[in-house]
Amino acid sequence: MASLSVLLPFLAPQRRSLGIAFGLMLCEALVELSYPLFMVALIDRGILPHALSQVLLWGLAMVALALFSFACGISSTFFASDAGQSFAWMARSALFERLARAPLRASQRLSTASLLTRLTSDVNQMQTAVFMCVRLYLRAPLIILGAVLLALWVDSSLALVLVLVTPLIGLALGWTLERGMRLFRLAQERLERLTGLLRENLNGMQLIRAYGRSGHEQARFAAAGEAFRQSASAAMRLSEMVVPGLILLLNLCILVILWLGNQRIARQDISPGEVVAILNYATRIIGEFAYLSMILTNLSMAKSALARTAEILSGEIEDGAGAPVAAPTTAPAVHCERLGFHYPGKGEPVLHDLSFSVRPGQTAVIVGSTGAGKSSLLHLLARLHDADSGRLRLDDDDIRRLPLAALRQRIGYVPQDPMLVSGSIRDNLLWGKPDATHAELVEAARRAQIHDLILGLPQGYDTRLESRGGNLSGGQKQRLSIARALLRKPGLLLLDDCTSALDARTEAALLDALDGLDCTRLLVSQKMTAARRADIVLLLEDGRLVAKGSHRELLQRSELYRRIADSQTRAADVLSHA
């Protein structure tokens with residue numbers, strides 16, 4: 001029920017369509033339940049006494065009811081389908097919005113394959129459930145209950161067999177549904193694993209072939225596929241085997257009704273039409289139970305999908321995410337005080353007792369070996385994560401007390417792996433500032449040293465990018481990402497090792513352009529060329545700040561920094577003599 005309450009906001013707008021569909025379905029069910037009663041009159045008043053007028057009267061009445069039932073069924077299907085489609089669109093939009101506004105730790109807790117499954121397959125399952133709820137889920141119990149009650153009204157003693165058997169079948173199906181839901185949830189989890197492996201192999205196909213690992217990956221995929229097949233087959237077997245067994249039981253009940261009805265007809269205790277009516281109600285009950293195989297399968301899968309979807313929709317969201325806020329344009333001071341942090345689910349901290357300050361307008365370069373915590377520090381400044389201890393301040397404001405939208409409007413962030421969206425170069429740049437003029441785009445691209453390259457493309461700024469920027473080199477993607485950040489005219493610019501693919505000449509021109517900006521700059525870089533130009537260098541090792549100062553000061557005071565600088569100098573000498 002808690003999971004269902006999360007989805008009620010998406011069902012409420014569909015109440016008109018659902019109400020109409022339910023009303024039409026109810027009319028259809030009532031007509032179906034009335035048919036055996038008309039058959040009693042047709043047989044006892046028309047066929048047996050050979051009264052042609054009665055046969056025509058009741059026969060035409062049944063034809064008219066059949067046409068009315070057909071019209072109700074078609075119309076009910078239309079309105080139920082409309083409600084299901086609208087529900088799915090609203091639910092999928094809400095899931096996407098929630099993921100976009102959720103803290104990074106929440107989305108990282110689930111794999112990409114799991115998130116894709118929840119936004120596609122799970123929503124489709126719930127859409128089917130909304131449709132089937134009106135057309136079958138509610139119809140089946142109404143027909144079964146109505147058939148039992150009307151059979152009792154026709155003849156209570158002959159219908160007693162149905163009264164005794166039907167509740168037992170209902171209990172058995174309830175047990176099947178509970179067990180089926182667990183099996184389908186396990187199958188869904190294994191499908192996620194299979195989807196994840198498929199995505200991983202498609203993305204890494206070149207590497208797999210280069211290392212000759214095709215056989216290994218085929219074995220992994222086959223094992224995951226077999227695990228999914230086994231769990232899915234177990235779930236399907238349960239739903240497919242139980243219902244036929246129950247239908248067999250109901251067919252035995254029909255034989256009992258025929259035997260008892262024949263004896264009572266011989267004693268003239270009951271009319272042939274009444275026996276036919278009770279038999280007809282029994283066959284209708286069998287027909288509805290036959291539907292239950294599909295109902296149980298769909299309902300089990302929908303309940304599993306509902307719980308998984310509600311897990312996302314009921315999760316936390318970031319404060320003020322997405323709200324438009326005017327951003328201060330002044331360069332802030334950055335103060336880090338005894339900062340400690342570890343990633344959720346990871347035991348070892350990545351930052352320990354970190355303290356430093358960067359004055360307004362300064363450039364700070366963060367250096368250190370892989371895993372030293374450089375990128376994590378930038379993540380904390382952008383509040384992609386929150387620190388476990390200590391404080392981060394912009395000027396005198398603790399960043400955790402700033403509205404999130406206001407904080408991020410002040411920041412231009414370029415990640416280590418540049419992300420480009422589908423669309424044109426202009427579309428990608430406008431991510432930084434949706435209302436930017438063409439002149440502003442040109443200015444940002446010039447500073448990022450990519451304007452001339454864009455002009456050389458066939459459609460200039462309107463050139464379409466391939467998936468993930470496949471028609472650009474690594475350095476071009478980095479510069480385009482930098483231009484996007486500069487377009488915001490941020491007060492705080494965070495660059496996470498985003499000049500690694502640039503040649504020395506382009507990097508020098510880019511750093512010159514950045515020096516002319518009115519902002520505070522924090523750069524993660526492994527290159528001494530950036531560190532030499534910095535106002536302050538922060539040297540991290542194993543998540544600790546082991547040295548800080550200018551490039552010249554660290555060369556004098558830090559053995560680790562000297563080793564890093566010397567290694568780059570030797571590498572440059574080797575390249576120059578190669």
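## Close-up views of a predicted model

**View 1. Strands β1 and β4, side by side.** Strand β1 (residues 334-341) and strand β4 (residues 389-394) run antiparallel and are joined by 5 bridges. Helices (H or I, at least four residues) and strands (E, at least two) are DSSP runs, numbered from the N terminus, and two strands pair if DSSP finds at least two bridges between them. This is a predicted model, with residues numbered from 1 along each chain as its sequence is written. Local features need pLDDT of at least 70 and side-chain atom pairs count only at pLDDT 80 or more, while totals for chains, interfaces and linings use all residues; side-chain values use heavy atoms, with hydrogens and water left out. Look for Cys 336, whose bridge partner in β4 is Leu 392, and for Val 334, which sits opposite Leu 394 in β4.

**View 2. The four-stranded sheet around β1.** Here 4 strands make an open sheet with antiparallel pairing, in the order β2-β1-β4-β5. The edges go to β2 (351-358) and β5 (397-398); each has a single partner strand, so one side of each has no neighbour in the sheet. Helix α11 (residues 374-381) packs on this sheet and touches β1, β2 and β4, where contact means heavy atoms within 4.5 Å. The direction of α11 makes about 65° with that of β2; axes are lines fitted to C-alpha atoms, for helices over the stretch in contact, and angles run from 0 to 180 degrees between N-to-C directions. β1 and β2 also run antiparallel, again with 5 bridges, and Leu 339 faces Leu 354 of β2. Because 6 of the 8 residues of β1 are buried, this strand is largely enclosed by the rest of the structure. (Buried means under 20% relative accessible area, exposed over 50%, partly exposed in between, with a 1.4 Å probe and protein chains only.)

**View 3. Aromatic pairs.** The structure has 3 aromatic pairs. Rings of Phe, Tyr and Trp (its six-membered ring) pair if their centres lie within 6.5 Å; planes under 30 degrees apart count as stacked, over 60 as edge-to-face and the rest as tilted. Phe 38 and Trp 58 are edge-to-face because their ring centres are 5.6 Å apart and their planes sit at 70°. Phe 38 belongs to helix α2 (residues 15-47) and Trp 58 to helix α3 (residues 52-101), so this pair ties together parts 20 residues apart in sequence. Phe 341 and Tyr 343 also make an edge-to-face pair, at 4.8 Å centre to centre with 75° between the planes. Both Phe 341 and Tyr 343 are buried.

View 4. Strand β9 (residues 492-496) pairs with strand β10 (residues 520-524) in the parallel sense over 5 bridges, and Leu 495 has Leu 523 as its bridge partner in β10.

**View 5. Two nonpolar cores.** A nonpolar core is a set of buried Ala, Val, Leu, Ile, Met, Phe, Trp, Tyr and Cys residues joined through side-chain atoms within 4.5 Å. The largest has 44 residues, and Tyr 461, Leu 480, Leu 493, Leu 514 and Tyr 561 touch the most other members. Helix α16 (residues 474-486) gives the most to this core, with 5 residues. A second, separate core has 33 residues, among them Tyr 343, Val 358, Leu 378 and Leu 540. Not counting residues up to four places away in sequence, Leu 514 touches Leu 486, Leu 493, Leu 495 and Arg 521.

View 6. Helix α14 (residues 438-447) buries Glu 440, Leu 441, Val 442, Ala 444 and Ala 445. Their cover includes α13 (425-429), α15 (451-455) and α16. Just after α14, Gln 449 takes a positive phi of about 65°. Val 421 lies in the loop between β6 (411-414) and β7 (423-424), and counts as buried because its relative accessibility is 18%. Leaving aside neighbours within four places in sequence, Val 421 is in contact with Asn 428 and Trp 431.
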